[in-house]
Amino acid sequence: MSLLSAFSRELAALAASASGGVVGLEHGRGQGSGVVLSPDGYILTNAHVARTSGPLRVRLPAAAVARAEVVGADERTDLAVVRAPAPVPPPLALADSRSVQVGQLVMAIGNPLGFDRSVSLGVVSELYRELPTREGGLLEGLIQTDAAVNPGHSGGPLLDMDGRVIGINTAMLFPARGIGFAVPAHTASWVAAVLIQHGAVRRPYLGIAARGEDLEPTLARETGQGRGIRVVRVEPGAPAADGGLSGGDLLLAANASPVATLDDLARILVLGGPAALDVDVLRAGARRHLTVRPRPHAA
C-alpha cells in the first residue's frame, strides 16, 4: 500500500469516527452546526447560531430532529451551549489547543448550506488572530485555517489528526477563499463549563483596554514566554488604576500563571473568582509585582 493510500484511509477513518459527534442546528433565520459534549444532551455551538427568538431544532444522525433549549451563550467568545433530549451521538473530546502549531493538518466538519456532516481538509494557517464582530466586539486568539469553512459550518469542530477538537469554527471572510477562523478549544472548554453551570459568563471588572502581543525574540528569552498582554489604556478610578497598572504595561502573569491572551486572563478571573489578582508586569524594562482587586461585573 502506498503512503498516499494509507494516509487516505486514515483520513476516511477519522472522518467516519468524528462525524457522528457533529449535529445540525436549525432555526427560522438559518442553520449551523454543533459538537456533542456529553451523553446527556449538551451541545457546544456558536452564540450567533444559538441566537434566535424562535424554536431551535437539532438535526441528529439518521434524520432525527429534536427541539433544543439554549442553556447559555457568551457573545464575547461567540460560544453557546444548547441541550437536546438524550440520547445523542457519542461526544467529541476537546483538546488543549495551546499545543497547536502553524502548518499542522486539520479537518473541519459541519453542515454548510444544509449539506450534513461535510468534511474539508486543510492546515492551521496562523494563530492568535483577531476578528471584529458585527456587534462591535472583538474575537481574540482565533485559529486561522484554510480548511473550507462556509455558512452552516459555524459551531462545528476543527479537528487534529488524532480526532480531537482543537477549535470551534466560527467565521469566514467574504469574498476571500481559504480564510476561516475557529475559537480555540481551550477557550471553548472553560466557557462551556461555566455556561452549563451558570448560564452566563460573568467577568470581574478590571477597567483596562488591552490586547495580546507577540514578544520580540530577546524579550521572549528574558521572560521565558513568547506572548503577553499589552495594556493599552486604564480607566481612571478602575480597580486596575487603584492597583497601579498603567497604559503601556506588558502583563506577563496573573496569579502565578503566564498569560498570552485576554482569554487566559478572563479564565483566571472567572474560574478563580479571586478577591485579589497578583500580576507580573514589565514596565520600562523592569519587572514589577502588583495587586489588583477586581469588582464584580455583569457579562
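Tutor: We go from the overall fold to a barrel and then to one helix. Keep in mind that this is a predicted model.

Student: How many helices and strands does the protein have?

Tutor: DSSP runs define both kinds of element. Here they give six helices and 18 strands.

Student: What share of the residues is buried?

Tutor: A residue is buried when its relative accessible area is under 20%. That applies to 51% of the 299 residues.

Student: In what order do the strands of the closed barrel run?

Tutor: Two strands pair if there are at least two bridges between them. Six strands close the barrel in the order E1-E2-E3-E6-E5-E4, and the pairing is antiparallel. Ignoring direction, neighbouring strands are turned by 40° against each other on average. Helix H3 packs on this sheet, where it touches E3, E5 and E6, and its direction makes about 50° with that of E6.

Student: How many bridges join E1 to E2?

Tutor: Six bridges join them. As one case, Leu25 has Gly32 in E2 as its bridge partner.

Student: Why is helix H6 described as largely enclosed?

Tutor: Eight of its 11 residues are buried, so the rest of the structure largely encloses H6. Among the buried residues are Asp263, Arg267 and Val270. Just after H6, Gly273 takes a positive phi of about 50°.

Notes
Residues are numbered from 1 along each chain as its sequence is written. This is a predicted model: local features need pLDDT of at least 70, side-chain atom pairs count only at pLDDT 80 or more; totals for chains, interfaces and linings use all residues. Side-chain values use heavy atoms; hydrogens and water are left out. Buried means under 20% relative accessible area, exposed over 50%, partly exposed in between (1.4 Å probe, protein chains only). Helices (H or I, at least four residues) and strands (E, at least two) are DSSP runs, numbered from the N terminus. Axes are lines fitted to C-alpha atoms, for helices over the stretch in contact, and angles run from 0 to 180 degrees between N-to-C directions. Contact means heavy atoms within 4.5 Å.
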